[in-house]
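Please look through the sequence and the structure shown here before reading on. The briefing that follows takes up confidence and helix packing in turn.

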Amino acid sequence: TYHEAGHALVAYYIPECEKVQEITTIPRGMAGGYTKWLPDEKTNYMSSNRLRAHIAMSMGGMCAEQLVYGDVTTGGTSDIKNATSLARSMVTEYGMSELGPIYLSGEREVFLGRQFAQPSSGLSEKLMSDVDDEVRRLITEGKQRATEILEQHRDKLDGLVKLLMEKEKLDREAFEAFMEDREYDPAKAEAYRFFKQEAPGT
């Protein structure tokens, strides 16, 4: 429960993140629960700040577990995979790292498995190491950002978990009403449901 609450809180407090649409502790497939969100507007482009926000949001579940229990579970596997994929794309495709505008997407296998780490690849061991370091830095920054948010708003984290244990599922309006310390507005909830679309969950 803290895992899903962690994702939701980090997303709420980072402006570049999409709005949380639903949180549930009800298992779905292999997932013990999920947090679903929708973008406010459709766009084919993502800014560096928004990608960094997504990395922090992805790490929110694991950071919440670490904060509360002093340990993490295997439930964060897909989150780590997602954060790593985003960070690697920022470094090797989008030029959004300290390495500058370089494009290495065609050599991705080098960094994932290193089975093509040969002179013919045209990439030095130093460059591969630099890429790995930048990916690690972006993920570490996202993890630190998520942890700071959860520590600062620990009361909200605990309160959200308690509410999830009571309700099992919260829609966008129920979540935002809790976060804003106000009454649940059925009209808003209906409006959100009317415009609801399928979106990826965490």
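How many contacts beyond four places in sequence does the model have for residues 197-202? The model, which is a predicted one, has 20 such contacts for residues 197-202, a stretch over which pLDDT stays under 50.

**Confidence in the model**

- The mean pLDDT of the protein is 86, and 82% of its residues reach 70 or more.
- Among the elements of the protein, helix α6 has the highest mean pLDDT, at 97, whereas helix α4, made of residues 108-112, has the lowest, at 45.
- Over residues 107-120 pLDDT stays under 50, and for these residues the model has 26 contacts beyond four places in sequence.

**Helices α6 and α7**

- Helix α6 (residues 154-167) packs with helix α7 (residues 172-179) at an angle of about 140 degrees, and their axes are 11 Å apart.
- That angle makes α6 oblique to α7, and the crossing of the two helices is right-handed.
- On the α6 side, Lys156, Gly159, Leu160 and Leu163 meet Phe175, Phe178 and Met179 of α7, and by class this contact has five nonpolar residues, one polar and one charged.

**Helices α1 and α5**

- The axes of helix α1 (residues 2-13) and helix α5 (residues 125-152) come within 10 Å and cross at roughly 95 degrees, and α1 and α5 are therefore roughly perpendicular to each other.
- Gly6, Leu9, Val10 and Tyr13 of α1 make the contact with Ala146, Ile149 and Leu150 of α5, and these residues divide into six nonpolar, one polar and no charged.

Definitions and conventions
Residues numbered from 1 in each chain as written. Predicted model: local features only at pLDDT ≥ 70, side-chain atom pairs only at ≥ 80, totals over all residues. Heavy atoms only, no water. Axes fitted to C-alpha atoms, helices over the stretch in contact; angles between N-to-C directions. Helix = DSSP H or I, 4+ residues; strand = E, 2+ residues; numbered from the N terminus. Parallel < 35°, antiparallel > 145°, perpendicular 65-115°, else oblique. Left-handed = near helix turned anticlockwise from the far one by under 90°. Contact = heavy atoms within 4.5 Å. Nonpolar A, V, L, I, M, F, W, Y, C, P; charged D, E, K, R; others polar. pLDDT = per-residue confidence, 0-100.
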